[in-house]
Amino acid sequence: MGYRDFLIKRGLSTIPMFIGLSMLIFTLARVIPGQPARLALGPRATDEAVRQLRHQMGLDQPIWLQYINYMTGLLHGDLGQSLISNRNVATDLIQYLPATLELTTVAMLIAIAVGVPLGVISGQHKDAAPDNLSRLFSFFNVSLPPFWAGILLQLIVAFGLGWLPATGRIGDVSPMPITVTGLLLVDSALAWNVDAFISAAQHLALPALTLSLAPMADIARMTRSSFIEEYDKDYVEGLQTHGIPDKLIAYKYVLRKSFASTLTIIGLDYGFLLGSAFVVEIVFSWPGMASYGVEAILQKDMNAMVGVTLVVGGSFLLVNFLVDVLYGFFDPRVWHEGE
C-alpha cells in the first residue's frame, strides 16, 4: 500500500465515524428533557404558537426524519436556526470558532515547545535530578485543574504584577485589523498592524499558557518514555563510539525515531483541548465557542448544541487524520501495512 492508498484508506475511515458521531449527538439533543419551542417563545406563549414553532423546527416529525433533514442541510452548510441568535448556527460558529481555534492552537504550540525538550532532557538523565524535577513538574500540571490554574495566573501575573491583561481578546487598538481569517494574530500580521498584534498576543498569553499545562505534561511524559526506549538501542551506542555529540544523537536520531508516539498524544490532546477550552474561555472572558455553547445548553437550543458538538468532534477526527498522515513521515512502515 503506497502513500496515496494510505491517505485514501485513512480518509474513508473517518466518514463512518463522523456519521456515527452525528447520529449519537443528534439523538441525545432530541431526547433531553425540556421544550425548546416553549423556552424560545417564553412562558406566556400560547399553545398554538408553540405548536407552530415546533412544526417550523420540524420537531413534530419522527426523529429519523429529523436526522435525515438535518444531515441534508448540513451537506449544504445549513446547521439550522439558533434559538439564541435567530441566525443560522453555521453563521454563529463562523463568528465564534476562530477565537477558540487560535487559543487551542497557540496552547498546543506552547505545550510542544516546552514538553518535547523537557521529555528529551528527562530521558537523557533517567532517574537523575533533571528527570525527577521533570516528572514532578508533569505531575503538578496534570493535577492542577485548568480553571484554578487560570485564576492563579490572573491573580499573580495580571492583578499582582500587572504584566498581562486578565480578560478579553484584544485591547483598545486603532485601527482594528480587518477580519480575514478571524485569527487576530494572523489578521494583524497580514495588515502589518504591530499594535494590534502585540495587544492580541498579550491577551492570548495567559489563557493559552493555562490551557497548555495539561498537554505539556502528557507530551513530556510520552517523549520521555519513548526516548528512553529508543535510547537503549544498539545503534545509539554505535553513534556514541564514533564520537558524535550527545545533543546531535538525541535530537537528530533518537527523537526523530521516537517521536511517532509523541505525535499521537499531540493529536489526541489537541482534539481534547477543543472541548476543554470552554472552562478556560469562561475564566478569561475569551469570546470563543464557550459562551455560545453554554448558553445553547441552558436554553435547550438543540441546533446550536448539535452544531458546537459536531464542530468539536469533527475537528477531533480531522486532527487525528492529519496525525496519521504525519505518522508516516516518522515511521514509513505504516504506509505499507497490509502488504
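In this predicted model, the mean positions of the 21 positive and 27 negative charges of the protein lie 3 Å apart. The accessible surface of the protein amounts to about 18,200 Å², and carbon and sulfur atoms account for 66% of that area.

**Overall fold**

The protein contains 13 helices and 0 strands, so that, because helices and strands are taken as DSSP runs numbered from the N terminus, its pattern along the sequence reads α-α-α-α-α-α-α-α-α-α-α-α-α. Taken along the principal axes, the box filled by the C-alpha atoms of the protein is roughly 85 × 60 × 40 Å. Of the 339 residues in the protein, 43% are buried. Among the contacts in the protein with a separation of 6 or more, 72% are accounted for by residues 24 or more positions apart.

**The cavity**

The count comes to 1 cavity of 30 Å³ or more, and the volume of the largest cavity is about 40 Å³. Its lining is formed by N141, L144, P146, A149, T210, L213 and A214. Helix 7, which spans residues 146–160, and helix 9, which spans residues 194–231, are the elements that give two or more residues to this lining. Helix 9 supplies the largest share of the lining, with 3 residues.

The table sets out the relative accessible area of each residue.

| Residue | Relative accessible area | Class |
|---|---|---|
| S199 | 8% | buried |
| V116 | 8% | buried |

S199 counts as buried because its relative accessible area is 8%, and buried means under 20%. Leaving aside residues up to four places away in sequence, S199 touches R169, I170, G171 and V173.

V116 likewise counts as buried because its relative accessibility is 8%, judged against the cut-off of under 20%. With residues up to four places away in sequence again left out, V116 touches A111, I219, T223, L255 and F259. The residues I219 and T223, which are among these contacts of V116, have numbers that fall within the span 194–231 of helix 9. The C-alpha atoms of V116 and Q66, which are 50 residues apart along the chain, are separated by 46 Å.

Conventions:
Residues numbered from 1 in each chain as written. Predicted model: local features only at pLDDT ≥ 70, side-chain atom pairs only at ≥ 80, totals over all residues. Heavy atoms only, no water. Helix = DSSP H or I, 4+ residues; strand = E, 2+ residues; numbered from the N terminus. Buried < 20%, exposed > 50% of the residue type's maximum accessible area, 1.4 Å probe, protein only. Contact = heavy atoms within 4.5 Å. Areas by Shrake-Rupley, 256 points an atom, 1.4 Å probe, with all protein chains shown as cover. Lys, Arg positive; Asp, Glu negative; His and termini not counted. Charge placed at Lys NZ, Arg CZ, Asp CG, Glu CD. 1 Å grid on protein atoms, 1.4 Å probe; cavity = no way out; pocket = protein on both sides within 12 Å on 5 of 7 lines; lining within 4 Å. Points joined across faces, edges and corners; volume = space filled by probe spheres on them.
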